[in-house]
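Trainee: I have a new structure open and would like to go through it. Can we take it piece by piece?
Mentor: Fine. Ask as you go.

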2 protein chains.
Amino acid sequence: MPKSSNTYELYYWPGIQGRGEFVRLALEDAGARYVDVAREAGGMRALERLLKDPGPAASAVPFAPPFLRSGKLLIAQTAAILQYLGPRLGLAPATDAGRLAALQYQLTLADWVAEAHDTHHPIAVSQYYEEQKPEARRRSQDFREQRIPKFLGYFERVLARGGKRASYLTGARCSYADLSLFQVVEGLRYAFPNAFARAARKAPRVLALRERVAARPNIAAYLRSPRRLPFNEDGIFRAYPELDAPGNARPKRAPIEPRAKRK
Amino acid sequence: MPKSSNTYELYYWPGIQGRGEFVRLALEDAGARYVDVAREAGGMRALERLLKDPGPAASAVPFAPPFLRSGKLLIAQTAAILQYLGPRLGLAPATDAGRLAALQYQLTLADWVAEAHDTHHPIAVSQYYEEQKPEARRRSQDFREQRIPKFLGYFERVLARGGKRASYLTGARCSYADLSLFQVVEGLRYAFPNAFARAARKAPRVLALRERVAARPNIAAYLRSPRRLPFNEDGIFRAYPELDAPGNARPKRAPIEPRAKRK
């Protein structure tokens with residue numbers, strides 16, 4: 001399939017990686033032309049206008065950012081955007097079965113991301129973290145002890161079944177779901193450095209996948225660029241030390257270099 | 001597209017509607033042949049076996065039920081299952097834009113469902129409701145006052161933009177996303193009768209859609225059948241009066257009949 005010569009318009013809150021980052025990674029990896037609309041002058045007004053009323057000609061109504069404009073299409077929901085972009089960017093499996101698998105893995109990552117978000121907002125997105133700190137501590141403990149290991153173990157299992165041949169979730173080729181798994185790992189390393197490092201000891205394949213994705217030339221260039229926003233405490237993944245597990249002798253954030261030698 | 005002559009195998013926890021119900025409604029509406037595997041003798045063992053290890057030939061690995069077996073495909077994640085089934089059951093729009101819209105609405109419904117679940121489990125799915133009751137009260141208040149109106153208003157807006165012509169989310173024809181919106185409304189009427197009745201006054205189009213779906217012959221027959229499990233307090237939507245808004249003079253559950261005359 002020929003790559004589209006479209007210029008995509010990505011609409012997402014400026015200032016955070018958030019869910020927009022899953023779309024950015026796909027666009028960047030493919031070297032696609034896109035505008036990160038809300039980070040341009042006047043872009044926030046454009047975002048808010050579309051969110052309020054996309055007009056009768058829009059192909060669908062977005063509930064929340066991110067959403068993507070591609071020609072006449074307006075698409076919201078991260079997984080739907082990626083399901084659309086995947087084949088166009090060369091980031092989807094070739095078969096229907098493979099594409100369904102990529103969508104399914106993306107949706108499981110979306111569940112994981114929502115749970116990561118709720119560690120600091122277990123009561124209400126409409127209230128500040130400071131208004132729900134005791135609850136956040138309780139929810140984070142469960143997330144660290146039950147959920148991170150469960151999701152990590154699951155993706156480790158998915159990666160293991162391909163044997164030596166398969167390097168990615170859906171086989172030998174990288175899909176958008178792999179880029180998204182990379183992003184979740186990065187987010188968890190930032191937000192829960194101690195808990196993640198501990199749980200990841202049992203997930204060497206996930207860590208190796210993270211390195212493979214980070215070493216892809218376009219991704220490596222993107223991560224070094226100013227387009228890659230740093231993680232911060234307005235986003236989904238927040239480094240609140242009180243929500244992480246206590247540290248031990250190990251350094252707080254494992255210094256995995258993008259091109260570090262694999263074990 | 002010809003309807004498949006496949007017998008689908010649906011794998012979901014027996015005893016609750018849960019997320020499996022969104023798949024059941026699509027299969028039932030289309031009159032598709034399917035086995036609700038875990039409700040058959042020995043079915044729970046089959047479910048658990050696939051969940052533990054679907055084998056090297058499986059097209060993907062499920063993280064959790066529901067998952068569907070269709071020929072050689074194994075598909076998990078409700079929205080991915082419906083994205084697969086939709087065209088095969090005559091429950092998806094004909095155009096790519098329409099199918100993306102249906103997926104996007106389904107994913108927004110999935111977010112709403114996850115939030116409804118977390119009203120009674122704001123801290124940990126691994127703990128009982130009784131262990132997180134004060135937090136559940138706080139989260140439910142926000143869900144009732146902020147989130148139900150926000151989601152309802154959104155779907156009302158989606159339904160309004162088609163004008164008189166469009167009766168469904170994606171246009172003149174019913175898609176799986178409409179069946180899912182019906183189910184979310186039913187769940188909210190069960191779990192939050194007072195709060196929902198109040199918020200729904202501003203969402204007449206959503207209520208009318210609910211009636212139209214309930215009146216579809218195969219859905220009406222299904223709802224009367226023993227295959228339709230009742231809502232209960234093991235599922236996603238739970239009738240805990242302490243989490244609902246206080247009642248007033250109105251009856252606790254609005255007696256909307258499937259075929260009641262529309263206003």
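Trainee: Which residues is Ala124(B) in contact with, leaving aside its neighbours within four places in sequence?
Mentor: Ala124(B) is in contact with Arg139(A), Asp142(A) and Gln132(B). Keep in mind that this is a predicted model.

Trainee: Where does Ala124(B) lie?
Mentor: In chain B, Ala124(B) lies in the loop between helix H4 (96-120) and helix H5 (133-160). Ala124(B) counts as partly exposed, because it has 19 C-beta neighbours inside 10 Å and 20 or more would be needed for buried.

Trainee: On to the chain contact, then. How many residues does it take from each chain?
Mentor: Chain A gives 34 residues and chain B gives 34 residues. On the side of chain A that touches chain B, the elements giving two or more residues are strand S4 (73-76), helix H3 (78-88), helix H4 (96-120) and helix H5 (133-160) of chain A. By class, that side of chain A divides into 21 nonpolar, seven polar and six charged residues.

Trainee: Why do the copies meet through the same surface?
Mentor: Because 100% of the interface residues of chain A are also interface residues in chain B.

Trainee: What rotation superposes chain A on chain B?
Mentor: A rotation of 180°, with 0.0 Å of shift along its axis, and the RMSD is 0.0 Å. That is the relation of a two-fold axis.

Trainee: Which residue of chain A comes closest to the rotation axis?
Mentor: Pro122(A), whose C-alpha is at 2.9 Å.

Trainee: New topic. How is chain A divided into domains?
Mentor: Domain 1 of chain A covers 8-88, and domain 2 covers 96-216. Their C-alpha centres lie 23 Å apart. Between them, 11 residues of domain 1 of chain A are in contact with 11 residues of domain 2 of chain A.

Trainee: Which elements supply the side of domain 1 of chain A that touches domain 2 of chain A?
Mentor: Helix H1 (20-29) and H3 of chain A each supply at least two residues. H3(A) gives the most to that side of domain 1, with six residues. The classes on that side of domain 1 of chain A are six nonpolar, three polar and two charged residues.

Trainee: What about the core? Which residues touch the most other members of the largest nonpolar core?
Mentor: That core has 151 residues, and those touching the most other members are Ala26(A), Ile75(A), Leu181(A), Ala26(B), Ile75(B) and Leu181(B).

Trainee: Take Ile75(B). What does Ile75(B) touch, not counting residues up to four places away in sequence?
Mentor: From chain A, Ile75(B) touches Leu100(A) and Gln104(A). From chain B, Ile75(B) touches Ala60(B), Phe67(B), Leu68(B), Ala80(B), Ile81(B) and Tyr84(B).

Trainee: And helix H6 of chain B, how many of its residues are buried?
Mentor: In H6(B), 15 of the 16 residues are buried, so the helix is largely enclosed by the rest of the structure. Helix H6 (residues 176-191) of chain B should span 22 Å at 1.5 Å a residue, and its end C-alpha atoms are 23 Å apart, which agrees.

Trainee: Now the backbone. Which peptide bond in chain A is cis?
Mentor: The one from Pro65(A) to Pro66(A), with omega near 0°. Pro66(A) is found in the loop between helix H2 (43-52) and strand S3 (67-70) of chain A. In chain B, a cis peptide bond joins Pro65(B) and Pro66(B), with omega about 5°.

Trainee: What is the phi of Gln77(A)?
Mentor: Positive, at about 75°, although Gln77(A) is not a glycine. Gln77(A) sits in the loop between S4 and H3 of chain A.

Trainee: Is Gln77(A) buried or exposed?
Mentor: Gln77(A) is buried, with 27 other C-beta atoms within 10 Å. In chain B, Gln77(B) has a positive phi of about 75° and counts as buried, with 27 C-beta neighbours inside 10 Å.

Trainee: Last one, Glu40(B). Where is Glu40(B) found?
Mentor: Glu40(B) is in the loop between strand S2 (34-36) and H2 of chain B. With 12 C-beta neighbours inside 10 Å, Glu40(B) counts as exposed. Glu40(B) and Pro14(B) are 26 residues apart in sequence, and their C-alpha atoms are 9.1 Å apart in space.

Conventions: Residues are numbered from 1 along each chain as its sequence is written. Chains are lettered from A and ligands numbered from 1 in the order in which they are written. This is a predicted model: local features need pLDDT of at least 70, side-chain atom pairs count only at pLDDT 80 or more; totals for chains, interfaces and linings use all residues. A nonpolar core is a set of buried Ala, Val, Leu, Ile, Met, Phe, Trp, Tyr and Cys residues joined through C-beta atoms within 7 Å. Two residues are in contact if their C-beta atoms, placed from the backbone, lie within 7 Å. Helices (H or I, at least four residues) and strands (E, at least two) are DSSP runs, numbered from the N terminus. Ala, Val, Leu, Ile, Met, Phe, Trp, Tyr, Cys and Pro count as nonpolar, Asp, Glu, Lys and Arg as charged, and the others, Gly among them, as polar. Domain bounds come from an automatic or database domain assignment. Copies are superposed by least squares on the C-alpha atoms of residues with pLDDT of at least 70 in both. The expected span of a helix is 1.5 Å times one less than its number of residues.
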